[in-house]
Amino acid sequence: MKKIWHSLLTKYIILIFIALGFLQLVMIVYMVGINFERFVSDVPSLQEFEESWTEDVYGATLDDVESIVEKWHADYPQASFFYVNADGELMKKWGKHISTNIPEHWDMVATTRFIQAHYNSPTFTVIRFVGNEDANGFLVLQMERTTLEPAKMASGFIYVAFFLMFAFLAISLLFFIRILKRLVNLEEAMTIREVDGLPIRTEVKKKDEIGAVEQAFNNMVDELREAKKREQEEEQLRRELIANLSHDLNTPLTKMRAQLQNVSAEQAEHLDHSISTMSNLIENLMSYSLLTANKMRYEPQDVRVDRLVNQSIASWYPLFEEQEFDVELEVEELVWHIDQVWLERILDNLFQNVLRHANDGKFIRLDVQDNHIMVKDKGQGFTEHAHTKGAGIGLSIVGLMAEKMNLAFVINSTGAGTTIQLHPKDES
């Protein structure tokens with residue numbers, strides 16, 4: 001039940017009910033506004049006022065004129081009255097607000113002018129014969145129309161309806177702005193990386209659907225951080241194992257090499273080759289461990305690549321000649337800013353890889369031109385050697401060293417042979 005209450009859907013439904021409530025309030029305010037005069041006004045309408053005056057005057061006699069005027073004057077002190085007899089003589093006036101231009105003598109012309117002057121004027125005027133008899137003369141009531149106007153609804157009260165509508169829009173906008181802000185914060189948490197390269201955790205403020213996503217994201221970050229920690233620990237153990245293994249294996253190999261003098265020449269040659277192979281493997285393991293731990297010395301300088309390649313292929317040439325390889329070489333002058341020892345190690349691993357895995361092709365071509373180093377053979381390629389596919393430890397070392405020296409390391413291997421290229425990464 002608590003989860004349902006914190007749901008965004010529940011909050012949105014509540015917002016809809018608030019909207020319906022606002023709509024009802026707007027309708028109520030509107031109905032009150034158009035009927036406000038009827039609800040709150042105790043002032044009679046002009047028609048009611050006139051009918052009441054007519055009833056009192058028509059039901060009176062000449063002796064009742066004074067009492068009628070006193071009664072109405074008590075109810076409406078702002079009203080004024082005057083009485084004209086049947087002969088057209090102004091007999092009496094009542095009230096402080098009585099007009100000063102009332103004729104003293106009334107004939108047909110004066111009466112007509114008076115009626116014209118006060119017809120639909122700001123001063124509400126009612127003329128009635130006393131007792132509804134011409135012979136009794138007439139009694140006149142005058143009062144400003146504003147006095148008889150009913151109370152009006154204040155303009156601010158009219159705008160309450162608009163205020164309620166804008167209030168709902170503001171609440172709705174605030175609701176969606178908060179959702180948008182939380183989504184933006186979650187997006188930032190997903191894109192921003194800490195020093196370890198992992199996303200940062202985000203703060204979970206509410207237990208709704210977005211809060212559940214935020215919590216799941218935090219759990220994922222925790223799992224990634226824990227996995228990375230385990231990976232680093234395993235990597236450290238692996239490096240230590242390789243280092244210790246390399247050190248432990250070198251000692252017996254040294255002893256075995258010392259004992260070669262006690263065997264026949266043929267056995268000595270065979271054992272020496274096996275020992276050299278194992279020694280190179282151990283050296284590669286140690287180098288790989290140092291490279292992955294960033295502990296291998298790196299000293300870049302401007303190097304004549306063409307000279308270094310000539311020296312390297314010259315040292316390997318006897319081995320290629322012994323294996324009856326066809327060696328092709330094309331070298332142009334080339335200078336790179338690299339570590340000379342590292343490049344020598346790269347070339348040694350590439351030549352050794354050709355001898356081991358492309359011996360059936362009996363061919364190697366080495367090109368140094370157009371800012372590239374290319375080593376090509378005609379072996380069966382990595383596709384024919386599952387155990388070497390993707391390169392073994394030697395080619396892994398080549399890849400790590402090339403990356404450190406900002407060189408692109410490209411392998412193109414088919415059943416017709418393998419081509420390996422090295423060139424600066426800014427080269428197309």
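Leaving aside its neighbours within four places in sequence, which residues is Ile 313 in contact with? The answer is Phe 320, Leu 329, Phe 351 and Leu 366, where contact means heavy atoms within 4.5 Å. Keep in mind that this is a predicted model, where local features need pLDDT of at least 70, side-chain atom pairs count only at pLDDT 80 or more, and totals for chains, interfaces and linings use all residues. Residues are numbered from 1 along each chain as its sequence is written, and side-chain values use heavy atoms, with hydrogens and water left out.

**Around Ile 313**

- You'll find Ile 313 in helix α12; helices (H or I, at least four residues) and strands (E, at least two) are DSSP runs, numbered from the N terminus.
- Ile 313 counts as buried because its relative accessibility is 7%; buried means under 20% relative accessible area, exposed over 50%, and partly exposed in between (1.4 Å probe, protein chains only).
- Along the chain, Ile 313 and Asp 348 are 35 residues apart, yet 8.8 Å separates their C-alpha atoms.

**The nonpolar cores**

- The largest nonpolar core has 35 residues; such a core is a set of buried Ala, Val, Leu, Ile, Met, Phe, Trp, Tyr and Cys residues joined through side-chain atoms within 4.5 Å.
- Val 305, Phe 320, Trp 336, Phe 351 and Ile 373 have the most contacts inside this core.
- Elements that give two or more residues to this core include α12 (305–322), α13 (340–357), β8 (363–369) and β9 (372–377).
- Helix α13 gives the most, with eight residues.
- Setting aside neighbours within four places in sequence, Ile 373 has a list of contacts including Val 305, Trp 336, Leu 347, Leu 366 and Ile 420.

**Strand β8 and its partners**

- Six of the seven residues of β8 are buried, so the rest of the structure largely encloses this strand.
- Strand β6 (residues 326–331) runs parallel to β8, and six bridges join the two; strands pair if DSSP finds at least two bridges between them.
- One of the bridges links Asp 326 with its partner Phe 363 in β8.
- On to β9: β8 pairs with β9 in the antiparallel sense, over six bridges, and Leu 366 stands opposite Val 375 in β9.
- β8 and β9 make a hairpin with two residues between them, and Asp 370 in the turn has a positive phi of about 55°.

- In β1 (residues 80–84), five of the five residues are buried.
- Ser 80, Phe 82 and Val 84 point one way from β1, while Phe 81 and Tyr 83 point the other way.
- Five bridges join β1 to the antiparallel strand β4 (residues 138–144), where Phe 138 stands opposite Val 84.
- Strand β2 (residues 90–94) also runs antiparallel to β1, with four bridges, and Leu 90 is the bridge partner of Val 84 there.
- The hairpin of β1 and β2 has five residues between the strands, and Gly 88 in the turn has a positive phi of about 85°.

- Tyr 12 lies in helix α2 and is partly exposed, because its relative accessible area is 36%.
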